[in-house]
Amino acid sequence: MNDIAQQLVQAGNQQTCYKIYRDYRASALEVSLRKLGVEKLTKDDVQKMQWEALEAKIGNWIHFMRIAVKLLLAGERKICDQIFDGVNFNKGHCFAELTANSIITLFSFGDAVAKSKRSPEKLFVLLDMYEVMRELQPEIDEIFEGKPCTEMREAASSLTKRLAQTAQETFADFEEAVEKDASKTIVQDGTVHPLTSYVINYVKFLFDYQSTLKLLFQEFDSGTEAESQLAAVTTRIMQALQNNLDGKSKQYKDPALTHLFLMNNIHYMVRSVRRSEAKDILGDDWIQRHRRIVQQNANQYKRVAWAKILQTLSVQGAGSGGDLTSSSVSRATIKERFKSFNTQFEELHAKQSQWIVPDQELRESLRLAVAEVLLPAYRSFIKRFGNLVDNNKNPQKYVRYSPEAVDQLLGQFFEGQQWAEQKR
């Protein structure tokens, strides 16, 4: 083939040789791409696709890009160089022209995805596309070396930057969407909100792309350390989630459930960070600060939920029935206090056995914290005033629960539907 090309050029048929070679090889390359499954798509085509179909096409495109660059285009360059080696022939321009349509077709899909409507689920496929373009850029630069192929190199570089830009904007959109999520879903039992688990899973998934994200950040801000940029973005997303949870917690009419909800959700955030690579990015300070917030909400829950019943067991005058420190306290007053305790405890049990603390360790810790203040107060009250109702014909009407029974019933708190089903 090299000899034939040499003879054609020497015979003055350079233009004929140029045109025949360009048209034939351009057609062969386009046929190879079609057989591979590459198709030219616009932004509108992408916009109309269902997410599952688009995700599959993106996966295929990434696969096709590697094959097209590493095999087809690299092969075309090799053929062109071999055939026109030593021939007075503008092979650079010829190669640029024969690959032009194929490059447009190849890059059109990536360009369409980058320009299509942004959404959080697209971030990871955008990062996959950006990653493959970064990976292939050196080979593209080598295949399309020289001034005649400048446009191809620049098209690849522009697509890489456009994908990076869209990914970065999607990041910002996600952060804003988390903070402004206005879903009216109320988790009635105070458990972990669907938004919390979604955002945490999203953040954990992001850390599978750490190296890619660092490259992406450097595209736009090479002066700042990539890891600190990743930490800043992650911190902002977590703060946006916390702000949203604060807003959602205000939807509860029961302030005790407000604190239980915040305790559950922030604990879930902390536990998830501790068990993932996010721990190294957010740092121990973030973890310790948020553990304190969990504890503060646990303490607030305990204070708000149990203050009234503990006041019932108090001997001071603030409780119902007046001051019990007097030696002449009436039996009727004591009966009233026991009845009040029974009613309040049964209401708390009925309500809070439907609430959920999904983390077993946190659930047991909270029950223990309640038991540590409630049981000593109740035992002390029975010991001091139980004899005043013992002589009654129906003492269990007043001392309905032994301290052991109260302790046992506390074990049913925060189990939610699980306990309700067992009870049935």
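The largest cavity is lined by I200, V203, K204, M238, S272, V273, S276 and A278, a cavity being a set of points on a 1 Å grid over the protein atoms alone where a 1.4 Å probe fits but cannot get out, and lining residues having an atom within 4 Å of a point. The model is predicted, with local features requiring pLDDT of at least 70 and side-chain atom pairs pLDDT 80 or more, whereas totals for chains, interfaces and linings use all residues. Residues are numbered from 1 along each chain as its sequence is written, and side-chain values use heavy atoms, with hydrogens and water left out.

The volume of the largest cavity is about 30 Å³, where a volume is the space filled by probe spheres set on grid points joined across faces, edges and corners. The structure holds 1 cavity of 30 Å³ or more. Helix 8 and helix 11 each contribute at least two residues to the lining of the largest cavity, and helix 8 gives the most, with 3 residues. Helices (H or I, at least four residues) and strands (E, at least two) are DSSP runs numbered from the N terminus; the chain has 17 helices and 0 strands.

The largest pocket has a volume of about 470 Å³, a pocket being an open set of points with protein on both sides within 12 Å along at least five of seven lines. Its lining comprises 18 residues, of which H267, R291, V294, E361 and L362 lie nearest the centre. Two or more lining residues come from each of helix 11 (255-274), helix 12 and helix 14 (360-385), and helix 12 gives the most, with 6 residues.

Helix 12 (residues 278-312) also holds H290. The relative accessible area of H290 is 3%, so this residue is buried (buried: under 20%; exposed: over 50%; partly exposed: in between; 1.4 Å probe, protein chains only). Beyond its neighbours within four places in sequence, H290 is in contact (heavy atoms within 4.5 Å) with Q242, I266 and V270. T191, in the loop between helix 7 (150-180) and helix 8 (194-206), is likewise buried, with a relative accessible area of 17%. Not counting residues up to four places away in sequence, T191 touches F261, N264, N265, I356 and P358.

Aromatic rings of Phe, Tyr and Trp (its six-membered ring) pair if their centres lie within 6.5 Å, with planes under 30 degrees apart counted as stacked, over 60 as edge-to-face and the rest as tilted. By this rule the count comes to 20 aromatic pairs. The ring centres of W61 and F109 are 6.3 Å apart and the planes stand at 50°, so this pair is tilted. It links distant parts of the chain, W61 in helix 4 (residues 51-83) and F109 in helix 5 (residues 91-115) being 48 residues apart. Both W61 and F109 are buried. F205 and Y209 form an edge-to-face pair, with 6.0 Å centre to centre and 75° between the planes. Within this pair, F205 is partly exposed at a relative accessible area of 39%, while Y209 counts as buried at 10%. One aromatic cluster is formed by Y301, W306, F341, F345, Y378, Y401, F413 and F414.

The charged end of R77 sits over the ring of F95, 4.7 Å from its centre (NZ of Lys or CZ of Arg within 6 Å of the ring centre and within 35 degrees of the ring normal). In the chain of 424 residues, 46% are buried.
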